[in-house]
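I opened this entry to record what I looked up, one topic at a time. The structure comes first, then my notes.

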Amino acid sequence: MNALSVDHLSHSFGSRRVLDDVSFSVPEGGMCILLGRNGAGKTTLFSLITGLYHARAGSVLVFGHAMNANPSTALAEMGVVFQQPTLDLDLTAGENLRYHAALHGLPKALSKERSVEELRRLEVADRIGDPARALSGGQRRRVEIARALMHRPRLLLLDEPTTGLDVPGRGALERHVRDLCRDRGIAVLWATHFLEEVSSADRVVVLHEGRVRWGGRADRLAAAVGVANTAEAFASLTG
Ligand SMILES: Nc1ncnc2c1ncn2[C@@H]1O[C@H](COP(=O)(O)OP(=O)(O)OP(=O)(O)O)[C@@H](O)[C@H]1O
């Protein structure tokens, strides 16, 4: 079963169509990179997938649950890290996680246990008692990922998670997410405009001006477009 199926999804702001008949899927336990330049429609797509916007044309299924018909079941399967940071900077890292867990109905003892476990996995457990504002950008992002995992989703969505991080910070974040995918079988949809974040075995969806220009395994992209490498293929599809 697919972790995520997006079928014939369109969206307009007023008369302006910003997503046009978008279809793709993320297999259970798979890593999918949503690749698009600024303004391609990635954030709008995330807003539809997470139910912030109501899909009027097309459908979103999360492990077979339709977001429009059954949003609470679909959302329970999903962890989300939005493009704009959403930690409460006055709360500690641990409090941010436990607050999220309470919203998902986790008992207090379990929430406490999991917050340590998830922060440890993301290598920020030593900062559990520090206010979020005392953490670096990279540490805050890792706390956000730990928070998104508190209710044990099977699908993780990340919208340009490395924006604003330096090169080592970006590499560390990517490594953590790939570990989650490999070790815990969590399906990942990672939106980015950085080609360096694509690995050859990833599934890639190239989005440009609201349309899917190509979808498939990253290492087949260049040949499919008839150019020498992924960078040239991306430039050609979005030029
Ligand atoms: N609330 C809104 N009202 C009107 N137009 C919008 C709104 N949100 C986004 N758009 C437009 O929709 C298009 C897609 O924007 P979106 O933010 O989804 O792209 P993106 O790929 O996430 O870009 P970025 O990488 O810059 O965040 C853009 O042309 C944008 O101006």
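I began with S7, and both of its faces are covered. Leu-155, Leu-157 and Asp-159 are buried on one side, and Leu-156 and Leu-158 are buried on the other. I am working from a predicted model. Five of the five residues of S7 are buried, so the strand is largely enclosed by the rest of the structure.

Next I looked up what S7 pairs with. S6 and S7 pair in the parallel sense, over four bridges. Val-81 stands opposite Leu-158 in S7. S7 is also joined to strand S8 (residues 187-192) by five bridges, and these two strands run parallel. There I noted Asp-159 opposite Ala-191 in S8.

I then checked the contacts of Leu-157. Leaving out residues up to four places away in sequence, Leu-157 touches Phe-46, Ile-49, Thr-50, Met-78, Val-80 and Leu-189.

**The nonpolar core**

How many residues does the largest nonpolar core have? I find 63 residues in it. Leu-157 is among those with the most contacts inside this core, along with Leu-34, Leu-35, Val-60, Val-188 and Val-205. In soluble globular proteins, nonpolar side chains tend to be buried together.

**Helix H5**

I turned to H5, which has twelve residues. From its first C-alpha to its last, H5 reaches 17 Å, close to the 16 Å expected at 1.5 Å a residue.

Is H5 mostly covered or mostly open? H5 is mostly covered, with ten of its twelve residues buried. I listed the buried ones: Gln-139, Arg-140, Arg-141, Arg-142, Val-143, Glu-144, Ile-145, Ala-146, Arg-147 and Ala-148. I then asked what covers the buried residues of H5. The cover includes strand S6 (78-81), helix H3 (93-103), helix H4 (108-121), S7 and helix H6 (167-184).

**Two positive phi values in loops**

I looked at Arg-152 next. Arg-152 lies in the loop between helix H5 (137-148) and strand S7 (155-159). Its phi is positive, about 55 degrees, although Arg-152 is not a glycine. Arg-152 counts as partly exposed because it has 14 C-beta neighbours inside 10 Å.

Glu-209 was the second case. Glu-209 sits in the loop between strand S9 (203-208) and strand S10 (211-217). Phi of Glu-209 is near 45 degrees, a positive value in a residue other than glycine. With 15 C-beta neighbours inside 10 Å, Glu-209 counts as partly exposed.

**The open antiparallel sheet**

Which strands form the open sheet, and in what order? I read four strands in the order S2-S1-S4-S5, with antiparallel pairing. The edge strands are strand S2 (16-27) and strand S5 (65-66), each of which pairs on one side only.

I went through the pairings of S1. Eight bridges join S1 to S2, and the two run antiparallel. The bridge partner of Ser-5 in S2 is Ser-25. The hairpin of S1 and S2 has two residues between the strands, and Gly-14 takes a positive phi near 60 degrees there. Strand S1 (residues 2-13) is joined to S4 by five bridges, again antiparallel. Leu-4 stands opposite Val-62 in S4.

**Ser-59 in strand S4**

I stayed with S4 and picked out Ser-59, which lies in this strand (residues 57-62). Is Ser-59 buried or partly exposed? Ser-59 is partly exposed, because 16 other C-beta atoms lie within 10 Å, while buried requires 20 or more.

Which residues does Ser-59 touch, not counting those up to four places away in sequence? I find Asp-7, Ala-66 and Asn-68. I also looked up the separation of Ser-59 from Ala-201, 142 residues apart along the chain. Their C-alpha atoms are separated by 27 Å.

**The ligand shell**

Phe-13, Val-18, Gly-36, Asn-38, Gly-39, Ala-40, Gly-41, Lys-42, Thr-43, Thr-44, Gln-83 and His-193 surround the ligand. By class, I have three nonpolar, eight polar and one charged residues in this shell. Which element gives the largest share of the shell? Helix H1 (residues 42-49) does, with three residues.

How values were computed:
Residues numbered from 1 in each chain as written. Predicted model: local features only at pLDDT ≥ 70, side-chain atom pairs only at ≥ 80, totals over all residues. Contact = placed C-beta atoms within 7 Å. Near = placed C-beta within 6 Å. Nonpolar A, V, L, I, M, F, W, Y, C, P; charged D, E, K, R; others polar. Core = buried A, V, L, I, M, F, W, Y, C linked by C-beta atoms within 7 Å. Pairing = 2+ DSSP bridges. Expected span 1.5 Å × (residues − 1).
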